[in-house]
Amino acid sequence: MSLRDRIAQSAQSSPQPAATPPPESASLPASEPARLKTGALASDDYVRLKKWLLGKIAGRPEDQADLRRTPAVTQMLRERFDLVFGQAGVNLPGEVVNALFEEVVDEIVGYGPIEKLLGDSTVTEVMVNSAKQVYVERKGKLVLSDVTFEDDDHIERVIERILRPLGRRVDRKLPMADARLPDGSRVNIIIPPSAIDGPTITIRKFSTKKLIVEDLISFGSMTPEIAEFLRACVVSRLNIVVSGGTGSGKTTLLNVLSSMIPEDERVITLEDSAELQLHQPHVVRLEARPPDPDGTGGVTIRDLMKNSLRMRPDRIVVGEIRSGEAIDMLQAMNTGHDGSLTTLHANNPREAIARIETMSLMGGLEIPLKVIRESVAKAVDMIVQQARLDDGSRKITYITEVSGMEGESVVTQDIFKYDPTLGADGQPRGMKPTGLRPFFTPRLESHGFKLPPEIFGASAADITSSRRR
């Protein structure tokens with residue numbers, strides 16, 4: 001009888017008495033060391049005992065594929081565990097038995113040793129480099145955890161647990177896979193021969209708490225004045241690119257900016273892995289998918305971009321542009337789809353412009369670079385640079401206006417800039433206005449946003465004098 005069938009049967013009947021033997025022989029092999037029965041387990045003995053219990057309780061991997069940690073499943077597993085463990089004749093303290101049970105459950109209905117890391121709210125990323133090296137990210141810092149796997153086969157069993165419910169697999173021909181856990185966490189998997197030192201798992205955890213602009217202000221990621229300015233830009237339908245490095249908080253910031261979109265607009269989101277958490281009533285979420293093993297069935301962000309233009313969008317929000325879809329994004333921005341938002345990988349606003357140009361050239365269209373630059377200058381209104389600083393904090397470091405063309409170059413000007421120098425209180429001075437008022441100010445004013453000159457660090461007289469010069 002499969003484990004799934006046992007759970008279904010258990011839900012319809014009362015628990016078996018403790019004296020009833022399990023269906024399989026449950027006696028501990030005679031070859032196990034005698035100290036297993038003394039309560040003083042060595043680590044190797046503990047691992048062997050756990051594997052033996054798993055073999056008696058879990059059954060085949062395919063029987064576990066779609067199991068989830070529900071009260072009914074946990075109760076069934078506890079009954080099975082108590083029966084098998086009781087027949088083993090091992091004398092262990094109660095807290096050790098309970099810990100052993102939790103590990104067995106994690107192996108059957110969870111993701112093995114990393115299950116507790118996924119349940120830790122302080123962990124934002126889990127990185128399995130090898131069986132004995134598992135790193136986590138906490139508060140922006142990478143830390144080596146105390147979690148280990150038995151061996152590479154153990155990691156591969158967890159990979160199977162992740163991919164099987166999705167109908168996916170990895171092998172020597174297709175050694176890489178992207179996936180999403182049921183809670184929305186993003187997973188990347190790569191195995192040998194591409195991963196030289198053994199199978200690797202990287203999990204970007206999905207935040208169950210939707211951060212709002214007030215959270216970013218309290219974290220020090222932005223100031224109230226910058227939040228007011230960004231809200232004015234979003235509502236006024238400026239095309240905004242959020243730029244930053246890996247793990248800098250681009251998606252979080254995009255989420256916050258997207259939440260500022262008025263509720264009476266139709267929003268289409270395009271993502272590789274659905275992470276955005278928009279709560280407006282009129283949102284259509286689209287997600288790319290990788291091709292099947294035979295190379296067919298793939299849907300790219302570019303495919304979704306082209307399709308979204310036929311869906312009467314008021315706003316298009318792209319989780320990240322990485323390739324040729326950049327040219328489609330520019331064309332959409334230049335053909336009436338104002339207020340579009342997206343992210344990309346770059347270390348500063350000037351580099352972000354260059355990245356857009358490069359990715360547009362990857363679109364396969366024979367377009368001169370000068371024409372692409374003109375499209376960038378016309379389409380993109382503003383670049384918001386996000387960075388992860390040395391102390392692990394994530395902050396906006398630039399807010400830069402794309403103000404046009406000069407010759408064959410795109411012209412930009414910084415409206416706000418992060419100042420890392422220390423003030424009298426010993427803290428970085430943080431985001432400061434440059435004293436320049438953006439050229440798109442009349443556009444903000446036409447939407448009812450008359451921002452005071454103080455936001456930009458200058459009086460009205462200073463701004464008038466600066467423009468004349």
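**Close-up A. Asp338 pairs up with Arg443 in a salt bridge, with 4.0 Å between the closest N and O atoms.** A salt bridge here is a side-chain nitrogen of Lys or Arg within 4 Å of a carboxyl oxygen of Asp or Glu. The two partners are 105 residues apart: Asp338 sits in the loop between helix 12 (325–333) and strand 11 (341–345), and Arg443 is in helix 15 (residues 441–446). Helices (H or I, at least four residues) and strands (E, at least two) are DSSP runs, numbered from the N terminus. Asp338 is partly exposed at 28% relative accessible area, and Arg443 is partly exposed too, at 26%. For these labels, buried means under 20%, exposed over 50% and partly exposed in between (1.4 Å probe, protein chains only).

This is a predicted model: local features need pLDDT of at least 70, side-chain atom pairs count only at pLDDT 80 or more, and totals for chains, interfaces and linings use all residues. Residues are numbered from 1 along each chain as its sequence is written, and side-chain values use heavy atoms, leaving out hydrogens and water.

**Close-up B. Arg237 and Glu265 form a salt bridge (2.9 Å, N to O).** Because Arg237 lies in the loop between helix 9 (224–235) and strand 7 (240–244), and Glu265 in the loop between helix 10 (250–259) and strand 8 (267–271), the pair ties together parts 28 residues apart in sequence. Both Arg237 and Glu265 are buried.

**Close-up C. Arg312 and Asp314 meet in a salt bridge (2.9 Å, N to O).** Arg312 is exposed at 57% relative accessible area, whereas Asp314 is buried at 19%.
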